[in-house]
Amino acid sequence: MLAQMLMPVIIDCYPEDHDRLAPMGTLADVVSPNFLTVAPEDTLGEVAERMTQQNTGAVVVKDFGRLIGILTERDMLRAMAARVHTSDARVRQWMTADPVTASPDMDLEEAANVMLDNGFRHLPVVDGSTV
């Protein structure tokens with residue numbers, strides 16, 4: 001039941017959140033079921049507006065119900081540095097395709113290591129193949 005609510009969700013790991021990671025547990029214990037889903041054809045401007053409204057740093061990109069990528073604030077910054085027009089640039093062009101994911105039963109230390117080793121601040125949590 002809880003696992004169904006977690007498909008996929010994003011856990012944000014920021015330095016100020018170390019106290020959340022202190023007790024050992026699993027991602028299922030700490031992930032939030034609240035996340036934004038966008039389409040690959042959405043514009044960066046549309047997505048930036050939604051991200052700002054929801055105060056989130058990453059969104060899940062789905063195509064026909066399948067996770068195909070993640071778009072983070074870092075991806076948005078890369079696009080801005082390239083001086084793209086946010087009303088023309090599409091999510092598909094700037095997202096991180098086929099992101100590394102974690103399962104809800106992954107322990108917190110392992111998830112933190114995946115994120116630190118890869119320089120991630122966001123890790124999609126996916127339960128099985130259902131997205």
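Mentor: Let's start at one spot: glycine 119 comes after H7 and has a positive phi, near 70°. Keep in mind that this is a predicted model, where local features need pLDDT of at least 70, side-chain atom pairs count only at pLDDT 80 or more, and totals for chains, interfaces and linings use all residues. Residues are numbered from 1 along each chain as its sequence is written, and side-chain values use heavy atoms, leaving out hydrogens and water.

Trainee: How many helices and strands does the protein have?

Mentor: Helices (H or I, at least four residues) and strands (E, at least two) are DSSP runs, numbered from the N terminus. Along the sequence they follow the pattern α-β-α-α-β-α-β-β-α-α-β-α-β. The total is seven helices and six strands.

Trainee: Which residues of H7 are buried, and why are they on the same side?

Mentor: Buried means under 20% relative accessible area, exposed over 50%, and partly exposed in between (1.4 Å probe, protein chains only). In H7, residues 108-118, the buried ones are Leu108, Ala111, Ala112, Val114 and Met115. They sit on the same side of H7 because they cover an arc (taken from the directions from the helix axis to the C-beta atoms) of only 155°.

Trainee: What does the face of H7 turned away from the buried side carry?

Mentor: An α-helix has 3.6 residues a turn, so residues three or four places apart point the same way. On H7, the face turned away from the buried side carries exposed residues, and these are Leu116 and Asp117.

Trainee: Which residues of H5 are buried, and how wide is their arc?

Mentor: H5 spans residues 73-81, and its buried residues are Asp75, Met76 and Ala79. They line one face of the helix, since seen down the axis they fall within an arc of 100°.

Trainee: What do the buried residues of H5 pack against?

Mentor: Contact here means heavy atoms within 4.5 Å. Two of the partners are strands, S4 (66-72) and S5 (96-97). The helices they pack against are H6 (91-94) and H4 (44-54).
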